[in-house]
Amino acid sequence: MKMDKNKGKGAEDLACSYLKDKGYEIIERNYRESVGEIDIICLKDDYIVFVEVKARFDDSFGAPSDYVTSSKIRKIRMTTDIYLQKHFEYEDLQVRFDVIEIYLNDCTINHYEDAF
């Protein structure tokens, strides 16, 4: 279990570095509510972006992004609703949901904007 947490944190660190390099401002990491968690919340242009990070060593069992299931999407949306109710300062921004998949064997990053 400890290795999975380290892998997850390492992947999220890579995703944050990638996003910062692309001009995103990271405002939250690992935001949790009782209904779910959001890996990264960031700002870019007129958007508040909620990012799910998925990492695998390779695609032997499918692409990392394949693991963003309908159940996971539902939890992210519910968590987003709670977040936005608590943070009125973002009410004028458009909301976007992105997925970042990372292949840990070679550090390949694929960024899917407006993924769901």
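Through how many residues does a hairpin join β1 to β2?

A: The hairpin joins β1 to β2 through 2 residues. Before the details, a word on the model: it is predicted, local features need pLDDT of at least 70, side-chain atom pairs count only at pLDDT 80 or more, and totals for chains, interfaces and linings use all residues. Numbering runs from 1 along each chain as its sequence is written, and side-chain values use heavy atoms, with hydrogens and water left out.

Strand β1 covers residues 25-33 and strand β2 residues 36-44; they run antiparallel, with 7 bridges joining them. Strands pair here if DSSP finds at least two bridges between them.

Now zoom out. The protein chain has 2 helices and 5 strands, counted as DSSP runs (helices H or I, at least four residues; strands E, at least two) and numbered from the N terminus. In sequence order, the pattern reads α-β-β-β-α-β-β. The chain's radius of gyration is 14 Å, close to the 13 Å that the globule rule gives for 116 residues, so the chain is as compact as a globular protein of that length. That radius is taken over C-alpha atoms, and the rule is 2.2 Å times the number of residues to the power 0.38. Along the principal axes, the C-alpha atoms fill a box of roughly 40 × 30 × 25 Å.
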